Amino acid sequence: MPDAIDRYARERYSKLLHGNFASMMSAPEREVFLRELAEDARRVTDDELEALFEADWRPRLTAAWLIGVDRRAAWRDRIREPFLASDFVFAGQGYCFALARFGTFADAELLVSYLDHYLARPELRYDQEWALAALHHIDADLRTAYTSRYLRPGGLWESWSAANSTDLPFHKMWLDLLCSHVQRAVHAASVRR
């Protein structure tokens, strides 16, 4: 369904990648971008989302953001397989964002499965920072401590981050900021309805 890719992903994915919209756009541009994202997240059909998932990483990244913005938790199982497989570069950022937005114990457990596997492989650098930041976001909302198992001395994060240059405090702050921007846009869109 190339129309779905043209409509939702082609002009949007580069702004979603790394959360670029939060740092590379002026406040008025970001407001318009997020308003349109929230509106599209509400109106995109399941068939269109599935078409996005059948394409490369750009549409998959976009689909995951649309799912996360609208909190379509029914898509959790569809996200699970490609997330755990890490078969497409950058798409995992979107999956982590969606799971952080859903924010349930099931989402935390999915992130734990990912981190248990990929933090044990320091030679692989995929979306580990995004996943740990998403888990931290869920911990804050649910008042849980899933991240503590990774952050203790000698934990998986310590060994993985020793082999990979990373800034976990920044990633935590960044994901929280992205979720906050999106939540304000979703709230504003619901008030306008």
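**View 1. The end of helix α6.** Just after α6, Arg 71 takes a positive phi of about 50°. The model shown here is predicted.

**View 2. Helix α6 from end to end.** Helix α6 covers residues 57-69, 13 residues in total. From first C-alpha to last, α6 reaches 18 Å. That is close to the 18 Å expected at 1.5 Å a residue.

View 3. Buried here means under 20% relative accessible area. In α6, 12 of the 13 residues are buried, so the helix is largely enclosed by the rest of the structure. Among the buried residues are Trp 57, Trp 65, Leu 61 and Ile 67. Arg 60 and Thr 62 are also buried.

**View 4. The largest pocket.** The largest pocket holds about 210 Å³ of space. Its lining has 10 residues, and the closest to the centre are Glu 31, Leu 34, His 181, Arg 184 and Ala 185. Helices α4 (27-43) and α13 (168-192) each supply at least two lining residues. By class, the lining has 5 charged, 4 nonpolar and 1 polar residues.

**View 5. The second largest pocket.** The volume of the second largest pocket is about 170 Å³. Its lining includes Phe 88, Val 89 and Phe 90. Arg 125, Tyr 126, Asp 127 and His 171 also line this pocket. The lining divides into 5 nonpolar, 4 charged and 3 polar residues.

Conventions
Residues are numbered from 1 along each chain as its sequence is written. This is a predicted model: local features need pLDDT of at least 70, side-chain atom pairs count only at pLDDT 80 or more; totals for chains, interfaces and linings use all residues. Side-chain values use heavy atoms; hydrogens and water are left out. Helices (H or I, at least four residues) and strands (E, at least two) are DSSP runs, numbered from the N terminus. The expected span of a helix is 1.5 Å times one less than its number of residues. Buried means under 20% relative accessible area, exposed over 50%, partly exposed in between (1.4 Å probe, protein chains only). On a 1 Å grid over the protein atoms alone, a cavity is a set of points where a 1.4 Å probe fits but cannot get out, and a pocket is an open set with protein on both sides within 12 Å along at least five of seven lines; lining residues have an atom within 4 Å of a point. Grid points are joined across faces, edges and corners, and a volume is the space filled by probe spheres set on the points. Ala, Val, Leu, Ile, Met, Phe, Trp, Tyr, Cys and Pro count as nonpolar, Asp, Glu, Lys and Arg as charged, and the others, Gly among them, as polar.
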